[in-house]
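Me: I would like to learn how to read a structure like this one. Please take me through a few features in turn.

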Amino acid sequence: MTTRVAIVGGTGKLGGVIREVVEAEEGYEVFAVLGSRSDLAELDGADLVIDASTPAVSIDVVRAAIERGINVLVGTSGGRTSASPSSCARGRCRSLLPSIEIVEAHRETKVDSPSGTAVRTAELIAAAREEIGPVQSPHVDQRARGQQVASVPIHSLRRPGVIARQETVLSGAGESLSIVHDTIDPTTAYAPGIRIAIAAALEARGVVVGRRRHQRMKTRIAVGLMTVLLLLYIVLAGQRSVVLLASGDGVGIAMGVALIVLPLIALWAIGRELWFGVRAQKLGEILDAEGALPHEEVALRPSGRATRDDADALFPAYRADVEQHPGDWRAWYRLGVAYDASGDRRRAREAVRTAIALEKSDRPAA
Ligand SMILES: NC(=O)C1=CN([C@@H]2O[C@H](COP(=O)(O)OP(=O)(O)OC[C@H]3O[C@@H](n4cnc5c(N)ncnc54)[C@H](OP(=O)(O)O)[C@@H]3O)[C@@H](O)[C@H]2O)C=CC1
Ligand SMILES: O=C(O)C1=N[C@H](C(=O)O)C[C@H](O)C1
């Protein structure tokens with residue numbers, strides 16, 4: 001079946017790149033290209049809407065797609081949930097370099113400031129610093145100190161001839177680290193991300209910023225449902241067990257004990273799973289915020305999982321990393337991600353369990 005894609009803003013610069021990607025992608029076709037003079041009724045009949053328009057229009061596009069029951073992928077920045085990629089790698093240096101500022105530059109015709117990428121970077125920095133608090137930026141009450149997003153000052157330059165540039169400056173006592181991202185050729189730079197986003201957008205449910213979250217949500221709902229059912233079972237079995245224990249009959253007492261012990265074991269197992277899920281998610285978020293998750297470009301199956309060949313090709317590097325650094329939880333976690341990408345759930349869990357144990361032992365005793 002072919003996925004019919006409607007591109008709002010398809011006459012613009014990013015829209016042009018998206019059109020090229022969709023046209024070249026097997027199983028997809030450009031169904032409609034909308035510009036400033038188009039009517040959103042042209043979305044009727046599309047399977048997927050991609051928005052690459054302007055912040056003022058974007059929310060109407062999202063609304064129109066939702067009304068029609070069509071999934072929508074938003075590339076437009078300047079809204080409250082822009083999904084631009086972050087180009088800032090953070091990490092252990094964060095506590096050594098307490099001051100962080102972002103300087104971004106775009107063409108003079110860009111309508112939204114600060115850029116969506118800068119906003120997202122600031123939000124991710126803030127999330128990564130949850131435990132150590134906001135960045136230290138003096139005198140931010142003065143307008144010339146930029147716009148603060150999640151405590152990070154952002155300075156926006158609008159200059160002819162610039163495509164997109166972002167510099168994240170981390171400073172500490174007597175030193176500074178700058179991470180600069182330059183877009184040189186938009187088609188080459190954006191096409192891989194657009195491909196990944198299109199594949200994920202069809203399956204997404206609810207609002208997803210970035211990738212993967214809808215998968216976590218499904219898992220959480222399933223585990224939550226199982227726990228509720230089990231609790232219900234324990235209450236019912238508990239009542240029955242009390243009756244059996246009170247019967248005074250040997251067989252009855254044995255059955256009463258079994259009736260209550262077995263669900264308690266199951267409850268313990270679910271608790272263990274929940275703990276695993278919470279810790280795995282937390283470590284994943286730390287690595288994500290550090291830009292240290294596996295980042296190789298891989299071909300995706302419709303499920304969003306990497307193809308077998310590409311996933312297998314990832315292994316040697318991550319396995320070697322674990323062999324070189326057997327005590328490094330980050331290396332183990334990345335190996336777990338590589339196993340998961342290839343569909344080997346058992347090994348993925350083992351590797352992530354090792355990562356969780358190592359991370360715990362790394363933590364200073366309270
Ligand atoms: N997430 C990312 O990595 C990236 C995001 N972007 C973002 O994508 C967005 C578009 O950027 P860019 O392509 O450079 O901008 P352009 O100015 O080149 O394109 C804007 C598009 O929006 C259309 N448009 C304007 N008003 C309306 C309207 N009322 N209804 C429907 N369509 C409308 C324009 O149509 P017309 O041609 O008729 O004027 C045009 O197709 C921006 O928010 C930008 O920040 C861009 C690059 C990368
Ligand atoms: O050209 C633009 O406009 C861009 N906007 C994005 C943003 O606001 O984050 C970033 C992209 O690289 C170019």
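**Reading the model, feature by feature**

Reply: Start with one residue and its contacts: leaving aside neighbours within four places in sequence, S115 is in contact with E104, H106, K110, R158 and Q166. Keep in mind that this is a predicted model.

Me: Where does S115 lie, and is S115 buried or exposed?

Reply: S115 is in the loop between β5 and α3. Buried means under 20% relative accessible area. S115 has a relative accessible area of 2%, so S115 counts as buried. A polar atom of the S115 side chain also lies 3.0 Å from the backbone nitrogen of A118.

Me: Which residues does K110 touch, apart from those up to four places away in sequence?

Reply: K110 touches S77, S115 and R158. Like S115, K110 is found in the loop between β5 and α3. K110 has a relative accessible area of 13%, and therefore K110 is buried. The K110 side chain makes a polar contact with the side chain of D112, at 3.0 Å.

Me: What should I look for in the peptide bonds of that loop?

Reply: Look at the omega angle of each bond. The bond that joins S113 and P114 is a cis peptide bond, with omega about -10 degrees. P114 lies in the loop between β5 (99-106) and α3 (116-128).

Me: How do I read the surroundings of a ligand? Which residues are closest to ligand 2?

Reply: Ligand 2 is surrounded by 11 residues, and the closest are S77, R107, K110, T117 and Y190. An N or O atom in the K110 side chain is 2.6 Å from an oxygen atom of ligand 2. For the side chain of R107, the distance from an N or O atom to an oxygen atom of ligand 2 is 2.7 Å. The backbone takes part as well: an N or O atom of the G116 backbone lies 2.9 Å from an oxygen atom of ligand 2. Taken alone, ligand 2 exposes 330 Å², and the protein buries 78% of that.

Me: How many residues are around ligand 1, and which come nearest?

Reply: There are 21 residues around ligand 1, and T11, L14, S36, S77 and K110 come nearest. A polar atom in the S77 side chain lies 2.4 Å from an oxygen atom of ligand 1. In the side chain of S36, an N or O atom is 2.7 Å from an oxygen atom of ligand 1. A polar backbone atom of G75 is 3.3 Å from a nitrogen atom of ligand 1. Ligand 1 exposes 930 Å² when taken alone, of which the protein buries 74%.

Me: How do I read a helix? What are the length and reach of α4?

Reply: Compare the span with the expected value, then look for a bend. Helix α4 (residues 186-201) has 16 residues and reaches 21 Å from its first C-alpha to its last, close to the 22 Å expected. At P192, α4 bends by about 25 degrees.

Me: Which residues of α4 are buried, and what do they pack against?

Reply: An α-helix has 3.6 residues a turn, so residues three or four places apart point the same way. In α4 the buried residues are A191, P192, I194, I198, A199 and A201. They pack against α1 (13-24), β2 (28-34), β3 (48-51) and β4 (71-74).

Me: How many helices and strands are in the protein chain?

Reply: The secondary structure comes to nine helices and nine strands. Of the 366 residues in the protein chain, 37% are buried. The protein chain exposes about 20700 Å², with carbon and sulfur atoms supplying 58% of it.

Key
Residues numbered from 1 in each chain as written. Chains lettered and ligands numbered in written order. Predicted model: local features only at pLDDT ≥ 70, side-chain atom pairs only at ≥ 80, totals over all residues. Heavy atoms only, no water. Helix = DSSP H or I, 4+ residues; strand = E, 2+ residues; numbered from the N terminus. Expected span 1.5 Å × (residues − 1). Bend = angle between axes of the 7 residues up to and from the residue. Buried < 20%, exposed > 50% of the residue type's maximum accessible area, 1.4 Å probe, protein only. Contact = heavy atoms within 4.5 Å. Near = heavy atom within 4 Å. Polar contact = N/O pair within 3.5 Å; in protein donor to acceptor, adjacent residues only side chain to side chain. Areas by Shrake-Rupley, 256 points an atom, 1.4 Å probe, with all protein chains shown as cover.
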